[in-house]
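This report describes the fold of a single protein, its strand pairing, its aromatic contacts and a few local features. The sequence and structure come first.

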Amino acid sequence: MLLPLLVRPQASVMLTRCVRTLRCDATRTPLHSQAEHFLRRRLPPRPHVHSRGTKSRGRKSKSQEEEWKTRNKTVLTYIAAAGVGMIGLSYAAVPLYRLYCQASGLGGMAVAGHDADQVETMTPVKERVLKISFNADTHASMQWNFRPQQTEIFVVPGETALAFYRAKNPTDQPIIGISTYNVVPFEAGQYFNKIQCFCFEEQRLNPHEEVDMPVFFYIDPEFDEDPRMARVDTIILSYTFFEAKEGQKLPLPGY
């Protein structure tokens, strides 16, 4: 069937062109594939997926750092508040402890208040003589001069007694003070009753002013019946003055 086509001159020309075209395509195809392979090796991979992951991780790390900073600030605030509270409690510990002991009779605190009928009807124990010694102290911040007018007196249980303390303000400005007290030995505090005293009340002294402060007290007759007091013949009454701000008062316990 090809023989008639080969005979015709036009068909031979077309056949020749087809052969040339096939040869050119055959020679170009390897070069094209090599170029594509070379470009693929040179071009970097597309970073679309990896860049998104990196950005999300960076955002998470920044948010975590901010959260940790906020938590650290909160913790530091709580620690600072606790420290300030502990410092305040340390300053108030001594007066508050003495108030508690004064209300309960523990720690050598004298019991405040008295029964008027008991004072009128109690019978003194004449054969039991006790020596009452007096002591005066001031807090480090207090600038008063404070001392007892007498160093000691002798009383018997069931008998009232009166003593005096003297306070002076040697400075050029008014100072307000407030005092607490205790009794030694501690077990005797529950029998030491005060009828009148200057404790737990603000005392204002003007510059260079000096005043006498009375203490009216008695020893309960039951003191002589307590076996623990059998060998006690000396009781020490001690007062301590603190500086108080104007308008402030120590809270008085309920009796």
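Strand 7 and strand 9 pair in the antiparallel sense, over 4 bridges. In this pairing, Asn 193 stands opposite Tyr 218 in strand 9. Strand 9 also pairs with strand 5 (residues 160-168), again in the antiparallel sense, here over 9 bridges. Arg 166 stands opposite Asp 212 of strand 9. The model described here is predicted.

**Overall architecture**

The secondary structure of the protein comes to 4 helices and 10 strands. Read from the N terminus, the elements run α-α-α-β-α-β-β-β-β-β-β-β-β-β. Of the 255 residues, 29% count as buried. The accessible surface comes to about 18100 Å², and carbon and sulfur atoms account for 57% of that surface. Among contacts between residues at least 6 apart in sequence, 78% join residues at least 24 apart.

Strands pair through backbone hydrogen bonds, in a parallel or an antiparallel manner. In this protein, 5 strands form an open sheet in the order 4-2-10-6-8, with mixed pairing. Strand 4 and strand 8 stand at the edges with a single partner strand each, so one side of each has no neighbour in the sheet. On average, neighbouring strands of this sheet are turned by 30° against each other, direction ignored.

At one end of the order, strand 2 and strand 4 run antiparallel and are joined by 4 bridges. Leu 130 stands opposite Val 155 in strand 4. Glu 152 also belongs to strand 4, which covers residues 152-155. Apart from neighbours within four places in sequence, Glu 152 is in contact with Lys 131, Ile 132, Ser 133 and Phe 134. Between Glu 152 and Thr 234, the C-alpha to C-alpha distance is 9.7 Å, although the two are 82 residues apart in sequence. Is Glu 152 buried, partly exposed or exposed? Glu 152 is partly exposed, because its relative accessible area is 35%, which lies between the limits of 20% for buried and 50% for exposed.

**Aromatic pairs**

The structure holds 13 aromatic pairs. One of them is formed by Trp 144 and Phe 241; this pair is tilted, with 4.9 Å centre to centre and 55° between the planes. The pair links distant parts of the chain, since Trp 144 lies in the loop between strand 2 (130-138) and strand 3 (145-148), Phe 241 lies in strand 10 (residues 234-243), and the two are 97 residues apart. Another pair joins Tyr 181 and Tyr 239, with ring centres 5.5 Å apart and planes at 45°, so this pair is tilted as well. Tyr 181 in strand 6 and Tyr 239 in strand 10 are 58 residues apart, and their pair likewise links distant parts of the chain.

Which residues do the ring pairs link into a cluster? The cluster consists of Phe 134, Trp 144, Phe 146, Tyr 165, Tyr 181, Phe 192, Phe 198, Phe 217, Tyr 239 and Phe 241. A charged residue also meets this group: Lys 194 lies over the face of Tyr 181, at 3.2 Å from the ring centre.

| Residue | Relative accessible area | Class |
|---|---|---|
| Trp 144 | 4% | buried |
| Phe 241 | 0% | buried |
| Tyr 181 | 0% | buried |
| Tyr 239 | 0% | buried |

Trp 144 counts as buried because its relative accessible area of 4% falls under the limit of 20%.

**Backbone features in loops**

Two loop residues deserve a separate note. A cis peptide bond joins Val 184 and Pro 185, with omega about 5°. Pro 185 lies in the loop between strand 6 (175-184) and strand 7 (192-196).

The second case is His 208, a residue other than glycine with a positive phi, near 65°. His 208 lies in the loop between strand 8 (203-205) and strand 9 (210-219). With a relative accessibility of 48%, His 208 counts as partly exposed.

Definitions and conventions:
Residues numbered from 1 in each chain as written. Predicted model: local features only at pLDDT ≥ 70, side-chain atom pairs only at ≥ 80, totals over all residues. Heavy atoms only, no water. Buried < 20%, exposed > 50% of the residue type's maximum accessible area, 1.4 Å probe, protein only. Contact = heavy atoms within 4.5 Å. Phe/Tyr/Trp six-rings, centres within 6.5 Å; stacked < 30°, edge-to-face > 60°. Lys NZ or Arg CZ within 6 Å of the ring centre and 35° of its normal. Areas by Shrake-Rupley, 256 points an atom, 1.4 Å probe, with all protein chains shown as cover. Pairing = 2+ DSSP bridges. Axes fitted to C-alpha atoms, helices over the stretch in contact; angles between N-to-C directions.
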